[in-house]
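Subject: Structure handover

Hello,

Here is the structure you asked to look at. Please open it first, then read the notes below it.

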Amino acid sequence: MFFDDVKVGDRYDTGSRTLSAEEIIAFARQWDPQPFHTDPEAAKQSHFGGLVASGFQTILVAFNLILATGRFSESSMGSPGMAEIRWLKPVYADDTLRVEVNVTGARASRSKPDRGFIDVHNSVFNQKGELVCDYRSTWILKTRGS
């Protein structure tokens, strides 16, 4: 899909991905080394009551699920940013995540006619249907024929 194909109100779902304890620990050791992410025994004693994924890992898994849809493979030109990131519930080992993507805005670039910007609201759910994270992002997409 290109910028020209996207309309405000468009909505789609991604596939899903389950996070293992090993993945959570490996990610956290490198990027977010807090005991409730890296040590299952310490995590049991934390306010989470068990090992939980880093919020940053949750967002990266969501981003990867969005990319895996292939919707914007031909047209993606990156993103100028994200906003309003909220981690609402912990993501535990063996939780399965999926994302609902809602297009909330679309505008053509004033200075570069080969692209446009879409605003999206991304809602990340676990296998129980609980909202665990949501955030807004803007994507830059090529226009058709650019």
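**What was found**

The protein chain has 4 helices and 5 strands; helices (H or I, at least four residues) and strands (E, at least two) are DSSP runs, numbered from the N terminus. Their order from the N terminus on is β-α-α-α-α-β-β-β-β.

This is a predicted model, in which local features need pLDDT of at least 70 and side-chain atom pairs count only at pLDDT 80 or more, while totals for chains, interfaces and linings use all residues. Residues are numbered from 1 along each chain as its sequence is written, and side-chain values use heavy atoms, with hydrogens and water left out.

**The chain as a whole**

The C-alpha atoms fill a box of roughly 55 × 30 × 25 Å along the principal axes. Of the 146 residues, 42% are buried (buried means under 20% relative accessible area, exposed over 50%, partly exposed in between, with a 1.4 Å probe and protein chains only). Among contacts with a separation of 6 or more, 69% are between residues 24 or more positions apart; contact means heavy atoms within 4.5 Å.

**Serine 54**

Serine 54 sits in the loop between helix H3 (40-45) and helix H4 (55-68). Is serine 54 buried or exposed? Serine 54 counts as buried because its relative accessible area is 0%. Its side chain makes a polar contact of 2.8 Å with the side chain of aspartate 32. A polar contact is a pair of N or O atoms within 3.5 Å; within protein, one must be able to donate a hydrogen and the other to accept it, and residues adjacent in sequence count only if both atoms are side-chain atoms. Beyond its neighbours within four places in sequence, serine 54 touches Phe27, Asp32 and His37.

**Glutamate 130**

Glutamate 130 belongs to the loop between strand E4 (115-125) and strand E5 (131-142). Glutamate 130 is partly exposed because its relative accessible area is 28%. Which side chain is joined to that of glutamate 130 by a polar contact? The partner is asparagine 126, at 2.7 Å. Setting aside neighbours within four places in sequence, glutamate 130 is in contact with Lys89, Val124 and Phe125. From glutamate 130 to alanine 28 there are 102 residues in sequence and 23 Å in space, C-alpha to C-alpha.

Regards
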